[in-house]
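Thanks for making time, everyone. Please have a look at the structure on the screen before I start.

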Amino acid sequence: MNDFTDKLLKAFPNGLKASDGGTIELTDKKKLLKVVERVRKNFDILFMLTVVDRPPNFELNYVFSKYEGRDILILRTLIKHEESIDSITNLFPSADWEEREAYDLFGIKFDGHPNLKRILLPEDWPGHPLRKDFVVTDEIKNWTGLDLKF
Amino acid sequence: MEGRGIELNIGPVHPATHGVLKLVADIEGDTVKNAKVEIGFLHRGKEKIAELRYFNSYFPIVDKLDYVGALNWEILWASTVEKAMNLEINDRVKYIRAVMAEIQRIMSHLVYIGSFGQDLGNLTFFIWALRERELLMDIVEEISGGRLAPMYNRVGGVFYDFTDGIADKINTALSKIEEKVKKEYRAMTYENSLFIMRSKGIGIMGQKVIKENGVTGPNMRASGIKRDLRKDEPYLVYDKVDFEIITENDSDVYARFMVRVREILESIKIIRQLLKDMPKGDAKISAPWIMKVPAGYTLVRHEMSKGEGAMFLVTDGGLKPYRLKIRSPSFYSLQALPLVLEGCKVADAFVITASMDPVMGEVDR
């Protein structure tokens, strides 16, 4: 892999390890902000945040990208379903809506997010539909959205 | 009334324009103090649907992501699955896809020009732009059988080869469009004093806002950032054609409009080159309809008409995706919108929103 990945791995010998295809795995989620701060020196934006539900864990794939060249960095970390994780919005403002979306569709809580509300679904929607254990209950079938307060 | 503003709800507006977008603006007098963007009115759970469908059966769903740029998304989805399967497609298919992608880009930019005019209150633009788009629509219809949602691509290839004599028809249509854009559009829009008054110097989106919010595509190029995935990370056959990355430096509404107008001319240039070098061969599809895709992670990104679109596909070796995440460029443009709207006049808010070219189908997914 390239120099930056090597440097990053050397800087956090206990928290990071290399994974397949140039992906970096974050084994200690408490170090997330420190690692991302380091990433910010080389990358401009959070390109996308892909959450994958692998019960009983959520796998978060942070994809960072630049405004020059073709470099991409994927940072992967696992959290338990009921756990929360630090928000990276202070470091990468482009994470704002992405984290709201992850909260909306998976129910992941991001500590320190300035405005953690649902974004795609209505505020009173019951459940988080992209979870693998999501089932269409009667409550969802009969949901009309009429209780929404404006 | 010092310091007491009004909360103004703008939208949700009708899907025939940009889609259903709602702005909640705090206004004081005639000035927008701050604005909130509410999205999600067109959410159809496309990422969830992906987990329930075979890879090839997902094409009709991708089509309705960005309903004015359907072919671009189709090609991205096909490329993603092909990369996940390690499948090599033949040169002719690559050329066909590149031609279709550029035709779609022109169509998408024409819709942008049209709906922009509509938001300015000038319906003539809209009719004119759609008239030119119709020329290309007919070509897409002849090739694929579809118009708005062509469903032309498939994993491993395309459904039909180009029909006989289509190259001449495309060239004729392109010449017409080129002439219209260079003459009629110039008189009506970019050298028209009324148009310039409405669009110059408003809605400035600086490089800082762009880089903080992950804005890409023409919106970014209007601020002088020279980046285009077709050049920076060439896919299909873009490394074999000669074209320029269009940039403007003013970062205002006018610059964002001009980038699109000039990109239409650039796309015309690309299509002409591609048609000239189109290799012989058959566009035969090399993958079955229902197939297993090896387990793994695949990330592919392409330059859409609205910016950098990407798909992150997670597979588990089964017949259906385990998870699909779609990065929509408009999503990020809208994230930056409140910052751009700050301090503008209410009447300009519509124009600024239109200049970002949001298509809610791809924002809400």
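Predicted model: local features only at pLDDT ≥ 70, side-chain atom pairs only at ≥ 80, totals over all residues.

Chain A, then. It has 150 residues, and 35% of them count as buried. Its C-alpha trace spans about 55 × 30 × 25 Å along the principal axes. There are 4 helices and 7 strands. Read from the N terminus, the order is α-β-β-α-β-β-β-β-α-β-α. On contacts: take the pairs in chain A that are at least 6 apart in sequence. Of those, 43% join residues at least 24 apart.

Now the sheet in chain A. In what order do the 5 strands of the open sheet run? The order is E1-E2-E5-E4-E3, with mixed pairing. E1(A), residues 16–18, and E3(A) stand at the edges. Each has a single partner strand, so one side of each has no neighbour in the sheet. On average, neighbouring strands here are turned by 25° against each other, ignoring direction.

Look at the E3 end. E3(A) and E4(A) run antiparallel, joined by 9 bridges. Within that pair, A:Met48 sits opposite A:Val63 of E4(A). Helix H3(A) lies across both E3 and E4 of chain A, at about 15° to E3(A).

Next, the contact between the chains. Chain A contributes 22 residues and chain B contributes 26. Which elements of chain A each supply at least two residues to the side that touches chain B? They are strand E3 (45–54), strand E4 (57–65) and helix H3 (95–106). E3(A) gives the most, with 6 residues. By type, that side of chain A divides into 14 nonpolar, 5 polar and 3 charged residues.

On to the core. The largest nonpolar core holds 143 residues. Which of them touch the most other members? A:Leu46, B:Trp77 and B:Met311 do. The largest share of the core comes from helix H4 of chain B, residues 91–120, with 15 residues.

Stay with B:Met311. Leaving out residues up to four places away in sequence, it touches B:Leu76, B:Trp77, B:Thr80, B:Val300, B:Leu324 and B:Ile326. One of these, B:Val300, has B:Met311 as its bridge partner in E7(B). That takes us to the hairpin.

E6(B), residues 296–303, and E7(B), residues 308–315, pair antiparallel over 8 bridges. The two strands form a hairpin with 4 residues between them. In the turn, B:Gly307 has a positive phi of about 145°. Is E6(B) mostly covered or mostly open? Mostly covered: 7 of its 8 residues are buried.

Last stop, the sheet of 3 strands in chain B. This open sheet has the order E1-E2-E3, and the pairing is antiparallel. E1(B), residues 6–10, and E3(B), residues 31–38, are at the edges; each has a single partner strand, so one side of each is left without a neighbour in the sheet. Neighbouring strands are turned by 25° against each other on average, direction ignored. E1(B) and E2(B), residues 22–28, share 5 bridges. There, B:Asn9 stands opposite B:Val24 of E2(B). Helix H14 of chain B, residues 346–355, lies across E1, E2 and E3 of chain B, at about 150° to E2(B).

That's my tour. Over to you.

Technical notes
Residues numbered from 1 in each chain as written. Chains lettered and ligands numbered in written order. Buried ≥ 20, exposed ≤ 12 C-beta atoms within 10 Å, placed from the backbone. Pairing = 2+ DSSP bridges. Contact = placed C-beta atoms within 7 Å. Nonpolar A, V, L, I, M, F, W, Y, C, P; charged D, E, K, R; others polar. Axes fitted to C-alpha atoms, helices over the stretch in contact; angles between N-to-C directions. Core = buried A, V, L, I, M, F, W, Y, C linked by C-beta atoms within 7 Å.
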